[in-house]
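Please look through the sequence and the model shown below before reading on.

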Amino acid sequence: MLLQDLFASGPASRADLARSSGLTRVTVSDLVAEMIADGLVAELGAPTETRVGKPPTLVGLVADAKHVVAIDLSVDDQVVGALLNLTGEVISRESRDRAGRRGEDAVALVQEVAAGLIERSERPLLGIGVATPGVVSPDGVVIAAPNLGWTDLPLAERLREALGQPVYVANDANTAVVGEYTYGGGDEDGVLLIRLSTGVGAGLVLAGSVVHGRGAAGEIGHVRVAADGETCACGRRGCLETFLAVPRLRRRLAEHAPEAVLAEAGERLGAALAPVVATLNLGELVLSGPLDLVEPLVRISADTVRERVMPVSAEQFVVRASKLGDDGVLVGATGLVLAGELGVS
Ligand SMILES: [Zn+2]
């Protein structure tokens with residue numbers, strides 16, 4: 001509880017912590033002493049503006065107390081890895097071409113990248129967070145990730161056994177929305193994040209929790225939005241993904257007038273999301289992906305949503321690009337480990 005307070009609100013005095021937590025000052029002092037001994041928290045001195053009397057000493061979270069290894073498998077044919085500190089700042093990076101590797105070969109590559117980053121860390125490790133496309137169970141079993149050739153793969157357990165660290169595995173869009181909510185200042189009334197990468201997925205945070213549904217929440221990319229569109233990876237035609245997946249969008253931009261291509265993609269996205277926005281009365285829609293594509297799509301999809309819902313549904317509704325840019329998924333994977341190991345979000 002105290003860590004959560006320091007993480008969410010920044011440095012505070014022991015008296016502030018007692019007030020906000022409802023614990024006694026003696027208990028707070030004992031707990032703070034324990035966290036200082038663990039290296040998670042440090043005394044920061046007095047605040048610059050002090051009132052009359054003896055200034056209180058502030059304590060705060062130590063950003064580099066521990067490091068986290070984060071792996072992003074959502075970037076086309078790559079294993080993107082990084083070492084991050086507790087504030088989501090990247091300390092070191094390592095990426096490898098997947099070169100079409102799938103199944104067990106892809107697992108071995110993920111393990112290799114993680115092991116390399118663990119070796120490079122000069123701080124104690126808090127754990128490993130992995131973001132993968134596909135449907136993932138809450139205990140880190142990849143139920144289906146067609147691009148990686150994984151079915152019912154207990155990835156968290158496999159990596160935990162091989163690397164001797166706590167491991168958290170989640171869907172890439174869910175991971176990105178955790179990052180946005182934890183580090184990007186996401187709206188508390190609800191954030192829907194649309195992740196544009198090899199495919200198109202969505203992550204939803206409502207009332208402070210990621211929504212999983214029965215396991216496959218967020219699979220909006222495979223909603224059919226055109227009867228006669230291109231054939232999708234799922235075998236059907238005209239899925240939302242066929243208009244917005246990054247490789248397809250880039251190909252169309254090279255072949256046709258860019259303005260028309262982006263207008264169509266943005267309108268398709270806005271039309272698919274308008275019922276969701278109206279149903280949930282969301283505060284915020286975040287687009288995550290390559291910025292050159294995301295920026296025009298933010299504008300076009302926002303206009304389309306507003307056109308299609310009652311004004312009251314779109315009151316104070318904001319569409320924006322992810323504040324975390326390309327690192328959103330890595331930062332989110334760090335958030336998964338923080339939530340699991342320290343209970344902060
Ligand atoms: Zn599809």
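Which residues in α6 meet which residues in α11? The model is predicted. In α6, Asp172, Thr175, Ala176, Val178, Gly179, Glu180, Thr182 and Tyr183 take part, and in α11 they meet Gly328, Val329, Val331, Gly332, Ala333, Gly335 and Leu336. By class, this contact of α6 with α11 has 7 nonpolar, 6 polar and 2 charged residues.

Two packed helices are described by the angle between their axes and the distance between the axes. For helix α6 (residues 172-183) and helix α11 (residues 328-342), the axes come within 7 Å and cross at roughly 80°. Because angles of 65 to 115 degrees count as roughly perpendicular, α6 is roughly perpendicular to α11.

The report now turns to a sheet. An open sheet of 5 strands shows mixed pairing and has the order β6-β5-β4-β7-β11. Its edge strands, each pairing on one side only, are β6 (90-97) and β11 (167-171). On average, and with direction ignored, neighbouring strands of this sheet are turned by 15° against each other. Strand β5 (residues 78-85) runs antiparallel to β6, and 7 bridges join the two. Valine 79 has arginine 96 in β6 as its bridge partner.

| Helix | Strands touched | Angle between directions |
|---|---|---|
| α4 (residues 103-120) | β4 (67-72), β5, β6 and β7 (125-132) | about 25° with β5 |
| α5 (residues 155-163) | β7 and β11 | about 155° with β11 |

Technical notes: Residues are numbered from 1 along each chain as its sequence is written. This is a predicted model: local features need pLDDT of at least 70, side-chain atom pairs count only at pLDDT 80 or more; totals for chains, interfaces and linings use all residues. Two strands pair if DSSP finds at least two bridges between them. Helices (H or I, at least four residues) and strands (E, at least two) are DSSP runs, numbered from the N terminus. Axes are lines fitted to C-alpha atoms, for helices over the stretch in contact, and angles run from 0 to 180 degrees between N-to-C directions. Two residues are in contact if their C-beta atoms, placed from the backbone, lie within 7 Å. Angles under 35 degrees count as roughly parallel, over 145 as roughly antiparallel, 65 to 115 as roughly perpendicular and the rest as oblique. Ala, Val, Leu, Ile, Met, Phe, Trp, Tyr, Cys and Pro count as nonpolar, Asp, Glu, Lys and Arg as charged, and the others, Gly among them, as polar.
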